[in-house]
Amino acid sequence: MTDPNAPTTPAADVLTALLDDLRAESAVLDALVADLAPADWARPTPAEGWTIAHQIAHLAWTDDWTALAARDADGFTAALGERFGALLNAGTDPVEEGATAGAAAEPVDLLARWRAGREEVSAALAAAPADTRLPWFGPPMKPASMATARLMETWAHGQDVADALGATREPTARLRHIAHLGLRTLGFAFTLHGLPAPQHPVRLELTAPDGTVWTFGPADAADRVTGPALDFCLLVTQRRHRDDLALTTTGPTATAWLPIAQVFAGAPGKGRTPTEAD
């Protein structure tokens, strides 16, 4: 139970902290690609058909839409209907089209576009009223939720880039945002698969990178997920298969959730195959 007398953090301060973390997460990925030779941008990543250039182009594409949503809600809605409608009518996946078109640019230009776009996102979200709901491809989101979503995507696509390069990223406390979002999207994952929304809450007890334990959900929940926070974030972003992660479930809802967990919007993701199946 929440203490009604406990101090609360103003929404503007929450957003500022989130945007700082988004910048930090972006900087980690930037460091991975900044000095790549042009040929390395064509390296395949674990996402089928996507190179490193596709990954960065997708982030830049999504940043463009995010900034538009924050700056001009009506313009976003109009563009969504016009551009997406035309592509879908032509049998083209707008997300794939955006990544493919962006990846065709010279790496130096693509990198500059992504850098400028993510700065515009930070400025646009910081300027938006903290309690306003911004339009999106799914349900509208407040600026803080939008910033969390951008951080999640930056981290997830950054994992694809790191895997393509054989690099290992140091997990940070920023994973807490993704873990929290992972639990918030529990019902979404069930609905996405045509399943009834869970009737019982789930408790997360995750070991943070510094060895402390992060908890989310009711303390008395019978359904639980325990394990490393990194593993949980890899699961809900579908960057690792369930069988390759040290996560333990208790209860039918938690057990049914993990194989279909999905923190990102859109159709059900294909996920990844287990390591032994590679």
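Glu106 is exposed, with a relative accessible area of 52% (exposed means over 50%, buried under 20% and partly exposed in between, using a 1.4 Å probe and protein chains only). This residue sits in the loop that links helix 4 (94–103) to helix 5 (107–127); helices here are DSSP runs of H or I with at least four residues, strands are runs of E with at least two, and both are numbered from the N terminus. Trp41 is 65 residues away from Glu106 along the chain, yet their C-alpha atoms are separated by 9.4 Å.

A word on the model itself: it is a predicted one, in which local features need pLDDT of at least 70 and side-chain atom pairs count only at pLDDT 80 or more, while totals for chains, interfaces and linings use all residues. Residues are numbered from 1 along each chain as its sequence is written, and side-chain values use heavy atoms, with hydrogens and water left out.

Turning to the overall fold, the protein chain contains 10 helices and four strands, laid out along the sequence as α-α-α-α-α-α-α-α-β-β-β-α-β-α. The C-alpha trace spans about 55 × 50 × 40 Å along its principal axes. The radius of gyration of the protein chain is 19 Å, which agrees with the value near 19 Å for a compact globule of 278 residues; this radius is taken over C-alpha atoms, and the globule rule is 2.2 Å times the number of residues to the power 0.38. Buried residues make up 44% of the 278 in the protein chain. Among contacts (heavy atoms within 4.5 Å) with a separation of 6 or more, 66% join residues 24 or more positions apart. The accessible surface, from the Shrake-Rupley method with a 1.4 Å probe and, for residues, with only the protein chains shown counted as cover, comes to about 13,600 Å², and carbon and sulfur atoms account for 56% of that.

Helix 2 (residues 52–71) is mostly covered, with 17 of its 20 residues buried. From first C-alpha to last, helix 2 reaches 29 Å, close to the 28 Å expected at 1.5 Å a residue (the expected span being 1.5 Å times one less than the number of residues).

Strand 1 (residues 202–207) runs parallel to strand 3 (residues 223–228), with six bridges between them, and Val202 has Asp223 as its bridge partner in strand 3. Strand 1 also pairs with strand 2 (residues 213–216), this time in the antiparallel sense over four bridges; pairing requires that DSSP find at least two bridges. Here Leu204 is partnered by Phe216 of strand 2. The hairpin of strand 1 and strand 2 has five residues between the strands, and Gly211 there takes a positive phi near 95 degrees.

Arg174, in the loop between helix 6 (143–165) and helix 7 (175–184), is buried at a relative accessible area of 14%. Leaving aside residues up to four places away in sequence, Arg174 touches Asp21, Ala24, Glu25, Val28 and Leu151. Gln238 belongs to the loop between helix 9 (229–236) and strand 4 (248–250) and is buried too, with a relative accessible area of 10%. Although not a glycine, Gln238 has a positive phi of about 60 degrees. Most residues other than glycine have a negative phi.
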